[in-house]
Amino acid sequence: MNIMSNVPRRDASRDGFTIVEVVVAIVILSIGILGLAATAGVVVRQMTGAVHQSVAATVAYSRMEKIRTGNCVAMKDSSSPAAGVTTRNVTEHWGIVGTAGSHALLVYDTISYMVRGKKKTQLYYSEYPCDPI
Amino acid sequence: MRSHLSPPRRAGFSLAEIMVALVLLGIVATGIMTVIMRQQQFYRSATEVIDTRQQIRQATAVVPVDVRGVSSVGGDILNMSDSSLDVRGNIGSGVVCSHTANSVTIPPLNLVNNRYFTTFLTRPKVNDVIIILDDKAAGNADDDWIPYTISAIDSTLGGCVNFTDIALDATKYRYRYTFSTNLSTTIVDGAPLRMARGVKYSIYKSASDNLWWMGYRECRGDGSGCAAVQPVSGPYRAYAANDTVNSGVSFVYRDSTGAVTASKIDVARVELFVHGETQSPVALGGGQIALYRDYVKVTIAIRNRQ
């Protein structure tokens, strides 16, 4: 009995990819490559975020230093203007709190900035030695 | 029994198939190469931008350390300009253990019972300065820190009985500093003292690479005997006189009211502006190729001010 001759089979010489298969493969490959390209966007976003945070930290640091040069008694319980102060696109609101009898001023500095339409806020605080208030 | 007696037909691609495949491959390969080239350019640019930011931050990390502790009212600011700042940095502290008309002896370093009256970051040399508290008359209003320039340094086993154990510290050498001028007659044993050496920060152009760097050099406490300038951070943008918006490094000095001052004893805070840029044009998306510039401004409050 000849099994081979009775089984229908594809023509081996024509075995291959159809154009549809090839196009699908190319599309998938392109998506992969575009994914690689998209990492650039992620890096840019992260770098921008880093810039904002570093500017925020510098602004807070400078504010703390400026407050340090002031007079303890005069600064007690003072705060920033209601609208805050804006430096390099970051806005800060600070408050200086002195508890009667304590030897320190507490300084709070809230920094806010916009990243891609979203508001981000960071709070820095520090304590300064002071004559008894 | 074999179904075919003739040789099998050779499987293969037709010319048209090969052409189509090559064209498609070409298109895809071009796309991939473009993406990879852009990626490479992007990451090189990103690295340069990050380097530039790091260099800027570095300057604002090193300068405050020396500047913060100076006493402007005590004359610690030796010279100041928009491109450089020359201050006396602390290198040690101690107390006057015993003194003569023109010398002081300080306690040995490691006394018994783990007591420490003397600390050194670096040991003072001749022409460094020791600043001693002069109590003067009763009350605090007239107290003053007076700088004395060291003219000779000896170590001795004699003197300094006040802060030492006569038996257990007897073999410990103590430093005796002789000054070029006589001490104020109202300086007493037990007065605190601090040792200072000149440190200078300035923006300078390196002769070897023609780039602008933040330079650091040490001088003796009286401003003499300066070492060669060394780069501490950079490179930055070129120096431009009195231009805080473009100059690589600029210093601005303010008094306690916030007004710009040229008087060294009135300085209450120092503003440091650092501007940097990448060494070559960078492309961070959008295909725009340009030098990337960034800056940092920090305020340094001087702790011992008027």
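**View 1. Contact between chain A and chain B in the predicted model.** In this interface, 27 residues of chain A are in contact with 34 residues of chain B, contact being heavy atoms within 4.5 Å. The model is predicted: local features need pLDDT of at least 70, side-chain atom pairs count only at pLDDT 80 or more, and totals for chains, interfaces and linings use all residues. Residues are numbered from 1 along each chain as its sequence is written, chains are lettered from A in the order in which they are written, and side-chain values use heavy atoms, with hydrogens and water left out. About 2600 Å² is buried between the two chains, with carbon and sulfur atoms giving 59%; buried area is the accessible area (1.4 Å probe) that two parts lose on being put together, summed over both. Met47(A), Thr69(A) and Arg88(A) supply 23% of the area that chain A buries against chain B, more than any other three residues.

**View 2. A salt bridge across the interface.** The rule finds two salt bridges between chain A and chain B (a side-chain nitrogen of Lys or Arg within 4 Å of a carboxyl oxygen of Asp or Glu). Glu65(A) and Arg68(B) meet in a salt bridge, at 3.6 Å from N to O.

**View 3. Arginine side chains over aromatic rings.** The charged end of Arg88(A) sits over the ring of Tyr295(B), 3.8 Å from its centre. Within chain A, Arg63(A) lies over the face of Trp94(A), at 3.9 Å from the ring centre. The criterion is NZ of Lys or CZ of Arg within 6 Å of the ring centre and within 35 degrees of the ring normal.
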